[in-house]
Amino acid sequence: SLTASGLSTFSGGISLKDNSKINLGTGNDAEIYFDSSNLYIKETTGAGDIYVESDDVYIRANGGGSTMAAFKSGAESILYHNGNAKATTDAGGIIITGVTTSTSGFSCDTVGTGVSLAANVPVTFTGGSGKTLKIYRDASNTFIADSGTGDFYIQGGYVRIRNAAGTEQIANFMQNGGTTLY
């Protein structure tokens, strides 16, 4: 047991055995320890937060390996998978690299913004256990494709098909009424 007041200086480092804790705060409000497998940094009161302050913060694999996360002051934050950037923040939002999977749906609620897609990149809506409905555009054409075993329905009281400019009717289908082809 060592009791010291004021500044203490050690040369050669401090060694503690497994599960020996460095306690911080008047009431041991925080602790740092190693349990022979994992390093823990804990705020023990349940009432505080842990702050890490630096201009830039990097979380890296053991031994200085690949970066797992980078948080840059006044710039982007990046999450990596196996050394490859997968989610990056920028002034406009988030840039996702690779496939994005949602288990509870997708919502884009910014009025007038819509969803922008690169050419030759299909948007796949998954229902049940298979990817049965695809809406996509190649370099020249737009497609709605259903590869499921059931029927394909378009529902509406008055369904209109218009030209690309939206200025001319191609076909109208009216509920309880007629069908007009132009």
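**A stacked tyrosine pair on a β hairpin**

Tyr40 has a relative accessibility of 29% and is therefore classed as partly exposed (buried, under 20% relative accessible area; exposed, over 50%; partly exposed, in between; 1.4 Å probe, protein chains only). The model is predicted: local features need pLDDT of at least 70, side-chain atom pairs count only at pLDDT 80 or more, and totals for chains, interfaces and linings use all residues. Residues are numbered from 1 along each chain as its sequence is written, and side-chain values use heavy atoms, with hydrogens and water left out.

One aromatic pair was found in a search of the whole structure. Tyr33 and Tyr40 form this pair, and the rings are stacked. Their centres lie 4.9 Å apart, with 15° between the planes. Rings of Phe, Tyr and Trp (its six-membered ring) pair if their centres lie within 6.5 Å; planes under 30 degrees apart count as stacked, over 60 as edge-to-face and the rest as tilted. Tyr33 has a relative accessibility of 10% and so counts as buried.

Each tyrosine also carries a lysine charge over its ring. The charged end of Lys21 sits 4.8 Å from the ring centre of Tyr33. For Lys42 and the ring of Tyr40, the distance is 5.7 Å. The criterion requires NZ of Lys or CZ of Arg within 6 Å of the ring centre and within 35 degrees of the ring normal.

Strand β2 (residues 30–34) runs antiparallel to strand β3 (residues 39–43), and five bridges join them. Strands (E, at least two residues) are DSSP runs numbered from the N terminus; two strands pair if DSSP finds at least two bridges between them. Tyr33 stands opposite Tyr40 in β3. Ile32 has Ile41 of β3 as its bridge partner. β2 and β3 form a hairpin with four residues between them. In the turn, Ser36 has a positive phi of about 85°.

Elsewhere, Gly65 lies in the loop between β4 (56–60) and β5 (67–72). Its relative accessibility is 30%, so Gly65 counts as partly exposed. Gly65 and Gly83 are 18 residues apart along the chain, and their C-alpha atoms are separated by 8.9 Å.
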